[in-house]
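Here is a short briefing on a protein model. Look at the sequence and structure first, then work through the points below.

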Amino acid sequence: MANGNGPDRDSKAYSEFLSEAEEMLERLRGDLADLEDQRHDGGEVNPDLINGMFRSAHSLKGLSGMFGLDAIAGLAHHFEDTLDGLRLGRIALDSPQAGMIGNIIDLFGTVMASLGNEAEEDQMNASINELIANLEAGGTGTEEEDSQSVPRLLLDPTLMRALTEYEEHRLNENLRRHRIVLLVEAAFEILSFDEGLSELSSSIREVGEVISTLPSPGAAADSQIRFVLLVASDLDAPAMTRHIDSPNASVTAVPEDTGAASTETPAPAEKLEPPKAEPICAPPVHQQELSSLLVQADAPAPPPSSSVHYEESTSSAVDEEDAPHESPPPPGDGGRVPEEFSSLKSVSDTVRVDIRKLNELMNLVGELVMHRSAIGATVRTLSADAATARAGEDLGKTYKGLSRKLKDLQSSVLELRLVPLRQILDKLSRVVRRLRRELEKDVILELNGVDTELDKLMVEELVDPLVHLVRNSFDHGIEAADERVAAGKSEQGRIVIDAFQRGNHVVIQVTDDGRGIDPLAVRAKAEKMGVIVSGMELTRKEILDLVFHPGLSTRAEVTGTSGRGVGMDVVRENIKEMGGIVTIDSDLGKGTVTSLTLPVTLAIIQSLIVGSSDQFYAIPLNAVLETLLIDANEIQSSEQQELLNLRGEPLTLRSLSDEFGLPRAEDAEQVYVVVIGIGESRLGLIVDRLEGQQDTVLKPIQGPIGEVRGISGATEISEHGAVLVLDVAAIVEDTLRRRDLR
Amino acid sequence: MKFLTIDDSITVRKIIIRTLEQAGYEGSEFLEAADGEEGLERVAKAGEVELVICDVNMPNMNGLDFLRALRANSAWAHIPVLMVTTESSRHAIAEAMEIGANAYVVKPFTPEMLQSAIRGLLG
């Protein structure tokens with residue numbers, strides 16, 4: 001299928017393409033599920049959804065073309081055409097072509113998976129051609145724009161020309177639905193326009209559709225940028241003005257062309273006409289139904305759980321602000337309003353901060369903590385000497401106060417990075433809804449603890465592992481209905497996700513009431529695959545733990561639902577990278593529970609990676625003053641201690657190998673010295689190699705090793721695996737104390 | 001040199017950046033944006049950008065509207081823009097050139113095509 005053009009299939013770009021295409025397919029599957037949901041609920045389908053799918057198909061086409069994957073590009077091309085027809089209203093949602101969208105997406109999935117296997121690729125080409133032929137048999141849709149019923153608008157011709165075909169279609173579609181067309185003009189400071197513009201857009205989307213966002217031709221100060229938004233809504237201009245409630249936005253209604261004015265000359269005067277407040281079209285129909293819609297939208301949400309429901313209270317609070325309202329904001333996008341409603345409040349009292357700035361802040365706090373350690377050392381020195389004991393005691397009190405406040409500061413800064421798990425858990429309920437349809441299994445998902453907070457970076461990394469676990473439960477765990485009934489269970493399967501905090505960790509448990517895992521079957525398979533020796537003595541827990549072994553799954557066949565290639569081993573790997581652990585427990589016939597335990601935050605520190613003997617260590621960079629390469633004979637030994645004359649000052653040296661009982665590199669002519677410092681104290685660490693700087697995530701050491709003096713934790717580095725992080729404060733303190741004792 | 005690449009596909013952005021590096025601009029700063037709005041934000045915050053390479057069909061704000069906004073602001077009106085479009089949206093090329101694009105390439109493009117378009121713009 002590849003014609004050899006475009007980037008090489010072994011290239012980095014190609015693997016990036018594969019993962020992006022996989023993401024797009026995933027998004028398309030989700031969009032399709034939403035689309036079907038909206039159709040089932042009746043009413044208007046959100047046009048953004050179809051437009052989004054169109055864009056995904058468009059991108060897939062462009063990308064596969066660039067990699068010379070002509071057959072895929074051909075399929076994407078037809079897919080794009082179908083979606084283009086749908087979004088432009090040329091193809092009806094209930095047409096046979098629209099019905100094939102699911103098949104197309106499935107075929108994409110299969111084709112992508114077969115890439116690289118030439119025999120399969122040929123077979124795929126045949127399937128693609130067959131599907132394309134079916135699509136073509138359906139024709140390209142009919143032009144059914146009914147221009148008669150659409151009122152004509154007196155819209156600025158420049159603006160009209162700037163609209164894309166799709167935007168024009170959306171304009172007509174809204175007119176057909178008797179919505180009011182408005183122009184919202186706003187000026188923003190250039191440096192912060194993105195925040196202002198997205199706030200304005202999402203505010204408008206609560207009560208209508210943003211058809212197009214265009215740069216405004218109106219003159220603006222150089223430090224400002226102006227936009228005009230073409231909007232369709234059931235609100236008239238004054239009501240929209242009240243809803244937006246922003247001093248730098250102005251709303252005008254686009255007047256209808258009544259035919260009284262000459263249409264050939266769109267005179268500028270008409271454009272400047274004072275906006276008419278009264279709606280041009282029939283008033284919105286379902287105004288009074290807003291409250292019932294709010295309740296309705298609540299109903300299909302996941303099963304009753306204290307934490308999952310849209311916040312009606314927030315919505316009604318927004319409503320009140322709108323008073324006195326002759327027209328309360330009706331739904332803009334086919335009844336999908338309530339979800340977006342709740343965002344208004346949170347936007348106003350939230351500040352968006354670049355995560356890098358938060359990291360900077362974290363680093364500063366980290367440095368403060370190091371300085372505190374230095375003060376602690378001084379306190380001990382002072383207290384040890386009778387002459388200064390009094391001063392030591394006073395400083396000790398101050399030190400304690402400082403420690404307390406520093407701890408508060410540290411946790412406050414950490415909290416800034418935390419976000420509730422709600423966003424990904426909501427995504428899981430979507431996955432379940434889709435699986436329910438695809439597999440025709442009746443399963444409910446219950447979510448508990450959606451407000452549990454976790455580091456933002458981790459929340460994003462958690463999506464894949466959690467989706468995988470939920471799919472596993474759905475696909476392999478929960479039995480078919482008849483099997484369940486035979487086993488004395490209710491027909492409806494149940495997956496429960498509980499999230500809660502335990503100490504410094506967050507635990508997420510995925511529990512299902514399915515068939516459970518058979519330890520004997522796992523054991524047999526592991527023996528067959530040579531993972532364990534036949535007859536080896538293992539506890540039940542140890543046997544269950546084998547499911548995390550690469551390639552070991554208790555069901556032989558791979559279904560599309562649980563995905564290929566990504567097994568429990570990958571889940572464990574992903575969680576390990578975040579500094580967490582995965583455990584599994586199962587009761588045969590009753591169900592399985594998988595627990596993810598994660599640190600609350602990923603605090604990132606810059607480290608210098610050094611090597612001594614065959615070990616690697618990370619030294620927090622904020623404690624490193626400089627690194628030197630010196631001749632071994634420059635080291636002066638006296639009374640069991642080694643010194644270096646560094647620019648006239650003696651520097652105490654300590655070998656990292658000695659510190660941790662490793663063999664010292666023999667007869668090296670030159671050695672590296674890393675000068676580390678805490679407060680006023682300096683120490684030179686002799687190391688064998690410098691490996692470079694790296695962003696490292698500090699993780700506490702768990703298990704039998706426990707706390708080791710001189711080690712503050714461990715970190716994972718791609719090339720070296722687990723690496724110990726030096727506790728610089730402790731090493732400096734110990735070395736200097738040893739020197740003082742002599 | 002500071003380049004801005006706007007495309008909703010991260011793969012395309014990486015390909016463009018790699019092509020630029022291979023064309024001898026490897027020491028440059030490469031800014032990226034996933035849609036027109038983000039593109040404008042990057043331009044606003046970067047101060048000066050030597051070249052913008054911009055896709056047409058994108059969410060939020062499409063490439064043509066990005067171009068309009070860029071040309072409407074006196075501080076940015078001079079920044080050269082290379083539009084990237086697909087065979088099926090060829091009609092957008094004429095429109096882009098009318099709004100003030102400086103050059104265009106059609107996807108799927110080869111590294112050579114992109115390089116020669118960029119050389120044409122930057123001399």
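B:Ile6 has B:Cys54, in strand 3 of chain B, as its bridge partner. The model is predicted: local features need pLDDT of at least 70, side-chain atom pairs count only at pLDDT 80 or more, totals for chains, interfaces and linings use all residues, and side-chain values use heavy atoms, with hydrogens and water left out. Residues are numbered from 1 along each chain as its sequence is written, while chains are lettered from A and ligands numbered from 1 in the order in which they are written.

**The sheet in chain B**

- Strand 1 (residues 2–6) and strand 3 (residues 51–55) of chain B run parallel, joined by four bridges. Strands are DSSP runs of E, at least two residues, and helices are runs of H or I, at least four residues; both are numbered from the N terminus.
- Five strands make up this open sheet of chain B, in the order 2-1-3-4-5, with parallel pairing. Two strands pair if DSSP finds at least two bridges between them.
- At the edges are strand 2 (29–33) and strand 5 (103–107) of chain B, and each pairs on one side only.
- From one strand to the next, the twist averages 20°. Axes are lines fitted to C-alpha atoms, for helices over the stretch in contact, and angles run from 0 to 180 degrees between N-to-C directions.
- Helix 4 (residues 91–99) of chain B packs on the sheet and touches strand 4 (81–86) and strand 5 of chain B. The direction of helix 4 makes about 160° with that of strand 5 of chain B.

**The sheet in chain A**

- Strands of a sheet pair through backbone hydrogen bonds, either parallel or antiparallel.
- Chain A has an open sheet of four strands in the order 2-3-1-4, with antiparallel pairing.
- Strand 2 (208–215) and strand 4 (249–253) of chain A each have a single partner strand, so one side of each lacks a neighbour in the sheet.
- Neighbouring strands of this sheet are turned by 25° against each other on average, direction ignored.
- Ten bridges link strand 1 (residues 180–189) and strand 3 (residues 224–233) of chain A in the antiparallel sense.
- A:Ile180 stands opposite A:Ser233, in strand 3 of chain A.

**B:Arg68**

- B:Arg68 sits in helix 3 (residues 63–72) of chain B.
- B:Arg68 counts as buried because its relative accessibility is 17%. Buried means under 20% relative accessible area, exposed over 50%, and partly exposed in between (1.4 Å probe, protein chains only).
- The side chains of B:Arg68 and B:Glu95 make a polar contact at 3.0 Å. Such a contact is a pair of N or O atoms within 3.5 Å; within protein, one must be able to donate a hydrogen and the other to accept it, and residues adjacent in sequence count only if both atoms are side-chain atoms.
- Beyond its neighbours within four places in sequence, B:Arg68 is in contact (heavy atoms within 4.5 Å) with residues including A:Ala162, A:Leu214 and A:Pro215.

**A:Ser114**

- A:Ser114 lies in helix 5 (residues 101–114) of chain A.
- A:Ser114 is buried, with a relative accessible area of 1%.
- At 2.9 Å, the side chain of A:Ser114 reaches the backbone oxygen of A:Val111.

**Chain A and its helix 3**

- Chain A has 25 helices and 22 strands.
- Of the 742 residues in chain A, 46% are buried.
- In helix 3 of chain A, 14 of the 18 residues are buried.
- Just after helix 3 of chain A, A:Gly89 takes a positive phi of about 75°.
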